[in-house]
Amino acid sequence: MTDRPHLAVIGAGPAGLAATVAAAAHGVRVTLLDSAALAGGQFYRQPAAELRAARPQALHHRWRTWRRLSDALARHVEAGRVTHLTDHHIWFVERRSNREGDRTADGSSPRDSFTVHALLGPEQEVPVEIRADAVLLATGGYEKVLPFPGWTLPGVLSAGGAQAMLKGSLAVPGRTAVVAGTGPLLLPVATGLAAAGVEVAALIESADLKAFARRPRTFAAQPGKVAEGAQYAAQLLRHRIKLLTRHTVVEAHGAERLEAVTVAALDTDGRVRPGTERRLACDTLAVGHGMLPHTDLTETLGCRLEGLDVHVDDEQRTDVPGVWAAGETTGIGGADLALAEGHIAGRSAAARLTGAVPDPRGWATAAKSRTGLREFFAALDTVYAPPACWTDLVTDDTVVCRCEEVTGGAIREAVAGLGAGDVRTVKLLTRAGMGWCQGRMCGPAVAGLAGCEPTPPRRPFARPVPLGVLARAGAAEDDEHQ
């Protein structure tokens, strides 16, 4: 197998799995790298084997799709076509341009190669390097959580965090929960918690769901998604979960931990309607305001971005030769879209690496699905948008950057008093975004309070790296060129 072209796939969620299976089936050697201990990503997150889950399928959608992908992956691993590396935390992908004048054995000019730099294990201390002829980025997305008074209390967690706890640990975060924010993720979180025995006091959705009626053709073109929404509505009724649309959480209350939340109705401008506040007792608040794409690795490679998304062509190729991207990193669109994009990217990468002419007929079904789902989720984005005036809820003493404990007042002072006009200047003046998460959590909030459009963060590395690892990597580079 070592004489075959080598593709490194980063991320073992739906897009990465689909890409790996497709590429391995069409003549290339694949190394699949992921930071988790098991394949599946967030969508197909699996409980640890030690938990001996009797019915893990009860926590998942598309279980048959997952079984098909995981079985195919196992077959390719057994046959030696795929190497699956778990607990590998990727911090950098290095593009190595072949020097002018270099030639392969047959006299042709060799393509660029790539080195994937990772840290191995839960402590992330052991450096690992993987050489590959091409890279496929399926790094997924992460949640956007906007701050409000009390959001740092114990008992407040992200909606995805609550779901990950349930899927991965078979544990629930509390006894009585409120699920709030905006976006389709709130539905499986609320119904999943209720099915696990949690009393869900309410589902607080800031969007006006009547907006769905304004795009009937777009939504009617995806009957499967409409049926899925109807199933969630039925589950809300069955579990007697109160749904409050055009509402938002105003404040979380508690001394040592969360005890209650105040919610209020929103007007058409996204402002709180005075006199509509109500208090709900709960010990858990799962809150989220949509998703953002992970683009750290694509930026270091120099890939073009369109807004916050990685730009790709019809084959899922970025504008950097040898780099493909699929799934949420090219735009948030859910598991079905990620599967379609991953299949196309894997087929395209295999054809390009083996010198074959890519045949779009081989992925025609996936391409048709991709087109429809992209239109569907573009429409969905117009419905599920955070309240336009969410910054009004952020008081001056509300912590916005949790890592550096920077408040809303400090950010406003940096803008109004010190003249900061962009997120970078706010960061320099307040340290907002300089902590461990490097602005992943607070970035959208800082941008909103500063009156700026969110921009992709620019970091040299995708995650913190020990200085010793950097020193050894530099020494190895020097030795190679001597």
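This is a predicted model: local features need pLDDT of at least 70, side-chain atom pairs count only at pLDDT 80 or more; totals for chains, interfaces and linings use all residues.
Visitor: What order do the strands of the open sheet have?
Guide: The order is 3-2-1-7-20, which covers 5 strands with parallel pairing.

Visitor: Which strands stand at the edges?
Guide: Strand 3 (82–85) and strand 20 (323–325) do. Each has a single partner strand, so one side of each has no neighbour in the sheet.

Visitor: And what does the twist average?
Guide: From one strand to the next, the average is 15°.

Visitor: How many bridges join strand 2 to strand 3?
Guide: There are 4 bridges, and strand 2 spans residues 29–33. Threonine 31 is opposite threonine 83 of strand 3.

Visitor: Which strands does helix 1 touch?
Guide: Helix 1 (residues 14–24) packs on the sheet and touches strand 1 (6–10), strand 2, strand 3 and strand 7 (134–137). Its direction is at about 165° to that of strand 2.

Visitor: Where does helix 8 lie?
Guide: Helix 8 (residues 334–354) lies across strand 1, strand 7 and strand 20. With strand 20 it makes an angle of about 165°.

Visitor: New topic. At what angle do helix 10 and helix 12 pack?
Guide: Helix 10 (residues 408–416) and helix 12 (residues 443–450) pack at about 50°, and their axes are 9 Å apart. The two are therefore oblique to each other. The crossing is right-handed.

Visitor: Which residues make the contact?
Guide: Helix 10 contributes Gly408, Ile411, Arg412 and Val415, and helix 12 contributes Val446, Leu449 and Ala450. By class, that contact has 5 nonpolar, 1 polar and 1 charged residues.

Methods. Residues are numbered from 1 along each chain as its sequence is written. Side-chain values use heavy atoms; hydrogens and water are left out. Two strands pair if DSSP finds at least two bridges between them. Axes are lines fitted to C-alpha atoms, for helices over the stretch in contact, and angles run from 0 to 180 degrees between N-to-C directions. Contact means heavy atoms within 4.5 Å. Angles under 35 degrees count as roughly parallel, over 145 as roughly antiparallel, 65 to 115 as roughly perpendicular and the rest as oblique. A crossing is left-handed if the near helix is turned anticlockwise from the far one by less than a right angle, and right-handed if clockwise. Ala, Val, Leu, Ile, Met, Phe, Trp, Tyr, Cys and Pro count as nonpolar, Asp, Glu, Lys and Arg as charged, and the others, Gly among them, as polar.
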